[in-house]
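Open the structure in your viewer and keep the selection tool ready. We will go from stop to stop.

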Amino acid sequence: MTAATSLPESATPLAGARIVLGVSGGIAAYKSVEVCRRLVDAGAHVTPVMTEGATHFLGPTTLTALASEPVRTSLWEGADAIPHTRLGQTADLVVVAPCTARVVSAYAHGLSTDLLTNILIATRAPVVVAPAMHTEMWEHPAVAANIELLAARGVHIVPPEVGRLAGGDVGAGRLADPATIVAAATAALGPRDFSGLRVVVTAGGTREPIDAVRVIANRSSGRQGHALAAEAQRRGAAVTLITAAERVAPAGVDVVRVETAEEMRAAVHAVADADVIVMSAAVADFRPVAPQEAKIKKADGIPTIELEPTIDILAELGASRRPATTLVGFAAETSDVEAYARAKLVAKGADLIVANDVSADDVGFGHTTNAVTLVAADGVVRDIALTSKDAVSVAVFDEVARIRSTVR
Ligand code: CTP
């Protein structure tokens with residue numbers, strides 16, 4: 001049995017999180033300074049983005065001095081030709097504080113009129129919006145409807161408070177307290193319990209060449225593996241995704257593209273000192289002994305293709321395991337899922353097997369949904385009913401976190 005390998009205690013929820021702090025034009029822009037300072041103090045990497053209006057209320061130098069990067073104000077500045085997509089794609093979280101009626105409404109309707117609204121539309125990260133405006137504007141049916149629209153889409157709204165507004169008016173519309181905004185940001189980010197850990201995820205189905213044009217492949221789409229990589233990244237891990245799938249990799253992960261089982265094996269061994277290795281790839285079990293360099297012609301008759309077994313990467317890792325590494329394998333079964341998963345745990349020396357019944361509807365290969373049974377070496381079994389592959393990824397890393405926090 002291996003030694004205790006708990007998650008690093010130094011990991012604070014915001015440590016290492018890449019946060020875009022959007023500031024739009026209102027008197028409350030000055031409070032973004034306090035939001036920025038609190039985020040940076042909590043260990044976040046903050047990129048401030050100000051609208052043109054915001055720069056009339058707050059000098060960009062102030063935010064630049066406090067943030068992790070200089071303020072961005074325009075789509076067109078600097079050497080980076082596409083800051084809106086880069087910042088949007090690589091952010092773990094976008095916070096807009098204060099958010100004016102204009103930015104609320106532009107975002108609700110998908111209008112991209114400046115750098116900030118471009119980022120909001122380009123990102124897939126969670127977004128926190130803290131509106132601030134005059135009471136009449138906050139209560140206007142158009143603004144209220146747009147806020148509702150954003151909330152229904154999963155945007156985290158930090159409602160304004162009642163208090164003194166610009167020009168001496170008193171009413172609803174004052175920006176929420178910076179501490180409240182930072183608390184909402186922390187909650188929206190979710191657990192960052194893999195901060196400081198290195199996670200390797202394999203994905204997709206390997207292709208084993210028969211000749212110059214033909215391969216032995218399988219039905220794996222790589223969706224589950226890519227979703228696992230995204231989840232590990234979201235939780236703060238440094239992620240290497242070794243993928244045989246022709247799909248876009250999540251932003252911010254290190255990607256190694258491979259084709260064959262042997263290429264995947266070499267790539268995994270190069271990073272086998274990781275803290276967590278999740279073998280979700282459908283690695284070919286057999287490959288042609290002698291792939292032909294040229295194309296086999298029909299005229300030469302029906303070929304006999306001799307196969308040999310590939311090396312089982314997971315079993316190899318399990319046999320020479322580093323005590324600190326948590327090893328996760330997958331099992332695609334068509335019956336007796338839990339029993340076969342238990343056998344695989346032992347045969348492969350893994351800490352956890354994620355097993356699915358691929359004969360069930362909408363499960364596993366090629367589907368956007370999955371239903372799995374998580375079978376851990378310490379005897380814990382969890383059934384995850386049919387859900388999205390993103391939700392399965394959350395459950396898998398919850399289980400990895402549980403295993404790592406248990407003294408084994
Ligand atoms: N695996 C591996 N290297 C291989 C084959 C599989 O690392 N050459 C890993 C997969 O990534 C997965 C697990 O092993 O994590 C799947 O186990 P496997 O024995 O391949 O499952 P099945 O193919 O379903 O095996 P069986 O037909 O024996 O049930």
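What share of the 408 residues in the protein chain is buried? Buried residues make up 49% of the chain. Here buried means under 20% relative accessible area, exposed means over 50%, and partly exposed lies in between (1.4 Å probe, protein chains only).

This is a predicted model: local features need pLDDT of at least 70, side-chain atom pairs count only at pLDDT 80 or more, and totals for chains, interfaces and linings use all residues. Residues are numbered from 1 along each chain as its sequence is written, and side-chain values use heavy atoms, with hydrogens and water left out.

**Stop 1: the whole chain**

Show the chain as a cartoon. Its secondary structure comes to 14 helices and 19 strands. These are DSSP runs, numbered from the N terminus: helices are H or I with at least four residues, and strands are E with at least two. The C-alpha atoms fill a box of roughly 85 × 55 × 40 Å, taken along the principal axes.

Now think about contacts, meaning heavy atoms within 4.5 Å. Take those between residues at least 6 apart in sequence: 66% join residues at least 24 apart.

**Stop 2: two domains**

Colour 18-189 as domain 1 and 198-405 as domain 2. Such bounds come from an automatic or database domain assignment. Taken over C-alpha atoms, the two domain centres are 40 Å apart. How many residues of each domain are in contact with the other? Domain 1 brings 5 residues and domain 2 brings 4.

**Stop 3: the largest pocket**

Select Arg124, Ala230, Pro250, Ala251 and Asp390. Of the 29 residues that line the largest pocket, these are the closest to its centre. The volume of this pocket is about 930 Å³.

How is a pocket found? On a 1 Å grid over the protein atoms alone, a cavity is a set of points where a 1.4 Å probe fits but cannot get out, while a pocket is an open set with protein on both sides within 12 Å along at least five of seven lines; lining residues have an atom within 4 Å of a point. Grid points are joined across faces, edges and corners, and a volume is the space filled by probe spheres set on the points.

Why does the largest pocket lie between domain 1 and domain 2? Both domains give residues to its lining, so it lies between them. Next, select helix α10, which gives the largest share of the lining, 7 residues. By class, the lining has 11 nonpolar, 9 polar and 9 charged residues. Ala, Val, Leu, Ile, Met, Phe, Trp, Tyr, Cys and Pro count as nonpolar, Asp, Glu, Lys and Arg as charged, and the others, Gly among them, as polar.

**Stop 4: the second largest pocket**

This pocket holds about 670 Å³ of space. It is lined by 33 residues, and the closest to its centre are Ala281, Ala282, Val283, Phe330 and Ala332. The elements that give two or more residues to this lining are α10, α12 (313-319), β16 (326-333) and α13 (337-348). The lining divides into 14 nonpolar, 13 polar and 6 charged residues.

**Stop 5**

Select Thr47 in strand β2 (residues 45-50). Is Thr47 buried or exposed? It counts as buried, at 5% relative accessibility. Its side chain has a polar contact of 3.4 Å with the side chain of Glu69. A polar contact is a pair of N or O atoms within 3.5 Å; within protein, one must be able to donate a hydrogen and the other to accept it, and residues adjacent in sequence count only if both atoms are side-chain atoms.

Jump to Thr243 in strand β11 (residues 238-243). Thr243 is buried too, with a relative accessible area of 0%. Which side chain makes a polar contact with the side chain of Thr243? The partner is His226, at 2.8 Å.

**Stop 6: around α13**

Select Asp336, in the loop between β16 and α13. Its phi is near 45 degrees, a positive value in a residue other than glycine. Asp336 is exposed, with a relative accessible area of 53%.

Move to Tyr340, in helix α13. At 42% relative accessibility, Tyr340 is partly exposed. Leaving out residues up to four places away in sequence, Tyr340 touches Glu333 and Ser335.

**Stop 7: a cis bond**

Finish at Pro98, in strand β3 (residues 93-99). The peptide bond from Ala97 to Pro98 is cis, with omega near 0 degrees.
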